[in-house]
Each structure stands twice: as C-alpha cells, then as structure tokens.
Amino acid sequence: MIQQELNENFRQAALRMTGISKCFGPVQALSKVSFQSKTGSVHALVGENGAGKSTLMKILAGVYQPDEGTIEIGGKMCRFEHPHQALDAGISMIYQELDLAEHLTVAENVFLGNEPEGIFSFTINKKAMIEKTKDLAQSFNFEIDPAAIVEELSTADRQIVEILKALVRKSQIIVMDEPTSSLSEKETGKLFDAVRELRKQNISIIYISHRLEEITGLADDITILRDGRVVHTEPASKLDIPKIVHYMVGRELNEFFPSRSIRIGRPVVKVENLSCGKLINNISFEICSGEIVGMAGLLGAGRTDVARTLFGINKKTSGTFELDGKIIEINSPADAIKNKIAYLTEDRKKTGLCLHLPCSWNITLPNLASIGMKNFIMPKEEQRIVEKIASRISIKWSGPDATVESLSGGNQQKVLIARWLLADSVFLIFDEPTRGIDVGAKKEVYTILNDLACAGKAILFISSELPELFGITDRILVMRRGNLVGSLRTKQTTQEQIMHLAAVEK
Amino acid sequence: MNKFVRQLLPFISLMLIICIMSVIEPDTFLTFENFINVLSRSTVEGIMALGMTAVIITAGIDLSVGAMGALCGMVGAWAMIAIGGPDPHGFALTIGTMVGILTGTVCGLMNGALITALKLPPFIVTLGTMSAFRGLSLVMHSGKPYDVPGYHYLGSGAVMHIPVCIVIFALLAFLAILTFRYTRWGRYIYAIGSNTEAAFHAGVNVNFNLTAVYTVTGLLAGIAAMIATSRTVSAQPTAGIGRELDVIAAVVIGGASLSGGRGTILGTIIGTLLISFLKNGCLLLGISSNVQLIVIGAVIIAAVTVDQLTRSQSKTSPK
C-alpha cells in the first residue's frame, strides 16, 4: 500500500528541483529554491522581474549551473553542463523571443537539426518530414499547415511550431516563458487549447507569465518566487489574483492603483473624423486636461494606429486634430514633439530605446532643443537636468551614464517616461506602458500617470489589460477593426461590457 | 572596468609598438623626423577615417572613399590646369583645391541621397558609386594622370617645422571630437546607429542627418585627396585603390562597431596611428611590404576578437 503510494508519487513528479542556489558575483539570484512539476500538469511560475524565475529556468535548461542543489527528472538525478544535455533529457524551452528560421517551412523548422534522411544520408526526406509533422500536429489537435512558411504565420502559430519542435525531440517537460505577451485574445485562446492538449497527453508544462488572469485560468499549480526564494506553492484552485499579488509583492491589490481625485478641465485634444487608409476609420474623440482616457480593443483593432497617426508616423488620410484650441498638422514625430505631444511606444526595445547608449542620452534625445541646447550640448547641464527628472520618478541606475541595457525592464520604461516628462508635453499617449514589467514597477507607472493627470495633462492610455484600464482611467474608448465603437465612463461600465464591444460584431 | 580596458586597449597596443621599436631601432625609429614622417603619412587615411567613423557609428559603411578621392584629385587638378595652364600656380591651385573638395562633397551628398531616398543598404550604394567614381576618374583623362608640379604646399609644406597636412589633420580631428561630444548632430549620429526606429520616434530627422554624415564624409575625402595629390604633385586616376579598406580597418581597430552605435574619434585616431607605426616598424625592420599586409590583417582580426571577448564577458553577468 505504502509502496504503491510511493510509486504514485514517483510517477507524478516529472521534475524535482531541490535546494537550488545560484550567485552571480555578490548577487544571490536564487537561494535554496525547491520546485517540482507533475506529469500532465501546468505549473505556473510567477514573480516580479528579478525574482529569479528566468535564472531557475536557465538552470533547468543547462544554460547556468547551480552552485548547489539537485535536479531530478523522472526520478533520475541529472546534472547539465550544457543546454544540449538538458534537451536530451527531455526539457525544451520556448522563449519569449521565438527563435525560428523565418524563411523555412513549418516542417523544416520542426525537424531542424533532426531531419529524416532521404535516399542518401546527406539528403533530406522532405515528404516524410511533412507527413510526420502533419501526424504529430493531428495527434495533438493542432491546426497547422506543415508546408506553410513560418514568416507568414501568426505569433500563436509560431508558438505551436515551437511546441511541435519540442514534441519531435520527445520532450516531457516544456517551459514557456511569457508566451502570450504579444498574442491577441483569440490567439491566446488557441495557445491555451494547445497547452491543455499537451497536458492531456501527459506532458508537464512550466508556464511563466506576468498575466495573472490567464494563469489562474490555466494552471494546475502555482509557485510564487520573490527575491530568489519560493514564497508559496499551492494548487491554482485555492489561489486568486489578490492572493497571488500579495505573495508577489507583500501588498494587497486594492493598494495597487493610486486613488484619484478627478479635476477634469477644458478639452485639450479634439480629434474629428480621423482616418488613415484602411487602418483607422473616422475616429472622433476628445480628451480634457486632467483626464486619463483608456483605449481598449483586441490586437489589430487599430489602437496603436490611432496613436501612430496622431504622432505623425502614419499619414492621416482625412480628419482634423485640434490641440489646445488650435488645429495642427502633424507630418512627423518631430512635428508632434514640437507641438508638445508625447508617445510612449508599445515596444520599448524596438521603437523606444537606444539600448547601448547612456540613459541620459536616451532621456534628452527628443528634448535637446527644448532644454536650451539648440545645436550644442552642455554635458554638465544635461547631467543636472537628467538627474533631477530621474529622482522625481526614482529610476534605479548606477548613474545617468549607465547604458539603458543594463537596467531592468521597469527602469528602462521609466527612462522613456522620464524622456516625456522632460518634454513637458500637454498630450501624452501611453501605449501598453506596463507590458513586461514587474508588479512594483507597474504600480509606479500608474502613480506617474495619475500625477501627470493631476498636473493637468491630457492622457491617452492604450492597454490590453482591462483591470488596469478600470483601475486608472476616467473614460474608456473601445476600438474594433479600425472603428471607434464605444466611449464609456469607467465608473458606469463593466469589463464584460467592454469585452463585448471590442470582440462582438454587430 | 571592462569598458575602460576596451577603450584603452588600442592605445596600449600603440604604446607597445612604439616602445618595442624604440628598443630595437633607437637610431632610426626614435627620431623627430621619423615621427613626423609617420604622422604625415597617416594624414590621408586619418582624415578619411574621421568621416568613416561617423558613417560606421550610424551602422553604415562607405566603400567609395578611395575611388572618390581619386576623382576629387583628378577634378581638382583638371581645374588647376584649366585655370592656370600646364604649370598652375597660386590662385589656380587654391581654386583647384576648392573644386576638388567640392567634388568630394557632391559625391558624398550623392551617396547620402541614394541611401536615404531609395532606402538602399549603404554597402550596395557605395559599392556601386565606388566603381562609378573610379570609372569617371579614368575616363576623365583617358586613364592618364594630371601633373601639377607647383602643387606641393599641402603635401610637403610646413608651418613652424610641422607639415601642413599634420596641422590640417589635427584641426579636423579636434573639430570632429567636438562635434561628437558637444553637438546635437553628433548625438543624433549615435542614436541613429544604435536604433534608427527609436531615433525616428524621438523626433530625429533620420534622412537629413544621415545624408549629412555621408556628405561630410565626402568633404573629408576631398580634403584628404587634395593632400594625396599634392604629395605626389600629380593626380592619379588609380590613386587610393583599396584605401577604403585601410580606413575602415583604422576605425574598427579604434573600437567602433560595424553594427552601429559604438565608436569614438579618439579610437579612430589611435587606430590610424597604430596602422601607420606598424607599417613604419615593418619598413625599418626590413620586413617586405607584402609581409606587412599579413601583419596588418592579423592586427585587425586580433583587435576585433579582443573587442568581442571583452564585450561578451560583460554580458554574461545577469541583468
């Protein structure tokens, strides 16, 4: 009886990491972390940035070696000196930035480095490759064309290619790092179906995400890390979001959003019948000074295109844009900045930061003219200005000369925010400002937004996370397929109503 | 710390070469004349390298500077002869020099305009213009050189015992350092090279600033070309073949990254001097110029390897 129970436990624990510690120089990234995941289950790993999730997973994948602690897979002790060994032991990682060969087909990617032999040992049996991919996809109910070029696939489908790659290598443990961060609602659903299918077929999934809502819906177990330690592990059914947040930060969710004393002034931004080709269609809205207006919608609904058109990146095809009572023509970001418009782009690494330049340069880049450095730069004066603005929003860095890439995600975002604070803009557009940053930094971003509103700025806040829209905005605009389909007072609406407007065709 | 070592490394190598040579060949190497000689030999590549540094920081490349130099020399010398007859003097030489420099500026502007307006990769555009400029300079006088016997001031004239070309190089280098450190344009050059998209979103007029970089590089190539022309008192249509590679090598040895966003004028100057002293050292030690090529090739690869190593080391520590 006891023996049987032991066997049962033995079978269930696909992976057991015990007492893992890891130091990087003086920094203790992990201390005595124990973690186990069962076969056929989804185990979510959550924690703020820097809590040690990635380090733990990189140890599992053989990228780093632990200072102490053991890894058991299927009851066997393992030690990985190299990522290949982890792969051979049945562990696959799917990173946030997918590494697929974009110009190859799905089947070619799935079998990359593993190709079935053709007539000669150095040729590839393409037909077998496609057949096998098709069979594998079918056995997991994935709908994907093995002959499609990866470049033409949606992000969710690319994730499925990665999953297939793992399955071909007979991986029993699949680690997914923030797989949904760039997926739309519908794509996320598709990916979740795939994950559930994997679970059904006895594969264990370790799932890292910042999106707590999706974790509570998907995971069987949740482990919360904080400062390199496991603070809590429990079946997901017994946890809810406020509890998880509590464990992550030691704060309650209701302290999360700053309280707002709304003093809404005169209209500052007036957009009328704005169109931009097929991207956006006859959009009209107003934003008053002191008002935070949210913009909701599914991925591809045209929210970012509205921002890009207002900021002069896309050329508008018709409509007017009035700022502070004056009709303005914006043809480039430079025009927009001159007119005191700020745009925090949704992808800070791609369109926001010059990663290996100093923070101070990044902060002053659009502002050199406006801080009295028309053509010539005074480094000392620049340093003084930058330090002042950085202390206002408490950026953590070794100094303004530190390169942006050396900062954490949250602090990188703050560098960009500092840039627009310095520009002293009247109208600020924030596009997904909290994406991929930890809970603590999110809270700080909300506070900054709130302070800006209190200072009488007009703010357009684009977000895919409804809770934060509800936590901070006064009004929510809803976009669907390039059209503005609703403008609702935040206090008088519900998340269901917004989702309905955003997702359901009339 | 690593960053510091990385920036210092070319300088240390330069000092090392000078020290070793001073020990081996104190009589011929460690003399005022030899140093002046090495410096003035490095001015043509050095002046071109100032512009190339800016180009490479923007993540671009300009393969046409060598051929452009030949064309500038030819056009400049042609103008001198057209104004001042077969043995031009004084005024004609000045105007010719201006024409030569202007030619470089126009060539550079053309490179910049093609790259920004047609959105073509700089490598391809300048590969094309390199061939075209060379062809033009050969067509101009049916492949023959223009002799300007009176044109020696830039190449071998001196101000207070210091050759004019060194003075010009020093002045231009100083201006370049100031430009990168204290002007908005210099800042924009780094931003464009580090992340063009981000620079555009921050209101930088990318096309204008990039065109300016290539134009100024053309202008500098023009100045360098006139010094080269003056040194040989004739404009050769085949002058400066492969010079663009020496120039790029100097910039890369100086620590600039071909992927953009990194590089300094000081590094480039040290890179230029390093190559010059290396060549001079080989010469004094009686190493043939063919072997020199091998030595310089090895130095380029070594410099970039060390650069990569120090860089990847600083990356392995987390966050």
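1. A salt bridge here is a side-chain nitrogen of Lys or Arg within 4 Å of a carboxyl oxygen of Asp or Glu. With that rule in hand, the interface of chain B and chain A has two salt bridges. Please keep in mind as you read that this is a predicted model.

2. B:Arg187 pairs with A:Glu382, and their closest N and O atoms are 2.6 Å apart.

3. Which elements of chain B give two or more residues to the side that touches chain A? They are helix H8 (164-182), helix H9 (184-194) and helix H10 (196-201). H9(B) has the largest share, with six residues. Sorted by class, this side of chain B has ten nonpolar, eight polar and six charged residues.

4. Now for the interface as a whole. On the chain B side 24 residues are in contact, and they meet 36 residues of chain A. The size of an interface is often given as the accessible area lost when the parts come together. For chain B and chain A the buried area is about 2,500 Å², with 60% of it on carbon and sulfur atoms. Three residues, B:Arg184, B:Arg187 and B:His201, supply 31% of the area that chain B buries against chain A, more than any other three residues.

5. Next, have a look at the second largest pocket, with a volume of about 650 Å³. Its lining has 32 residues, and those closest to the centre are B:Arg41, B:Glu45, B:Arg231, B:Arg243 and B:Lys279. Several elements of chain B give two or more residues to this lining, among them helix H2 (32-41), helix H11 (206-232) and strand S4 (234-235). H13(B) gives the most, six residues. The classes in the lining are twelve nonpolar, 14 polar and six charged.

6. What about enclosed space? Rolling a probe the size of a water molecule over the atoms shows where empty space is left. Searching the whole structure gives three cavities of 30 Å³ or more. The largest cavity holds about 120 Å³ of space. Of its 13 lining residues, A:Ser181, A:Arg211, A:Arg435, A:Gly436 and A:Glu465 lie nearest the centre. How many nonpolar residues are in the lining of the largest cavity? There are none: the lining has seven polar and six charged residues.

7. The second largest cavity has about 60 Å³ of space. You can find its lining at A:Leu274, A:Thr309, A:Leu310, A:Asn314, A:Lys316, A:Phe321 and A:Ile330. By class, that lining is four nonpolar, two polar and one charged.

Technical notes. Residues are numbered from 1 along each chain as its sequence is written. Chains are lettered from A and ligands numbered from 1 in the order in which they are written. This is a predicted model: local features need pLDDT of at least 70, side-chain atom pairs count only at pLDDT 80 or more; totals for chains, interfaces and linings use all residues. Side-chain values use heavy atoms; hydrogens and water are left out. On a 1 Å grid over the protein atoms alone, a cavity is a set of points where a 1.4 Å probe fits but cannot get out, and a pocket is an open set with protein on both sides within 12 Å along at least five of seven lines; lining residues have an atom within 4 Å of a point. Grid points are joined across faces, edges and corners, and a volume is the space filled by probe spheres set on the points. Helices (H or I, at least four residues) and strands (E, at least two) are DSSP runs, numbered from the N terminus. Ala, Val, Leu, Ile, Met, Phe, Trp, Tyr, Cys and Pro count as nonpolar, Asp, Glu, Lys and Arg as charged, and the others, Gly among them, as polar. Contact means heavy atoms within 4.5 Å. Buried area is the accessible area (1.4 Å probe) that two parts lose on being put together, summed over both.
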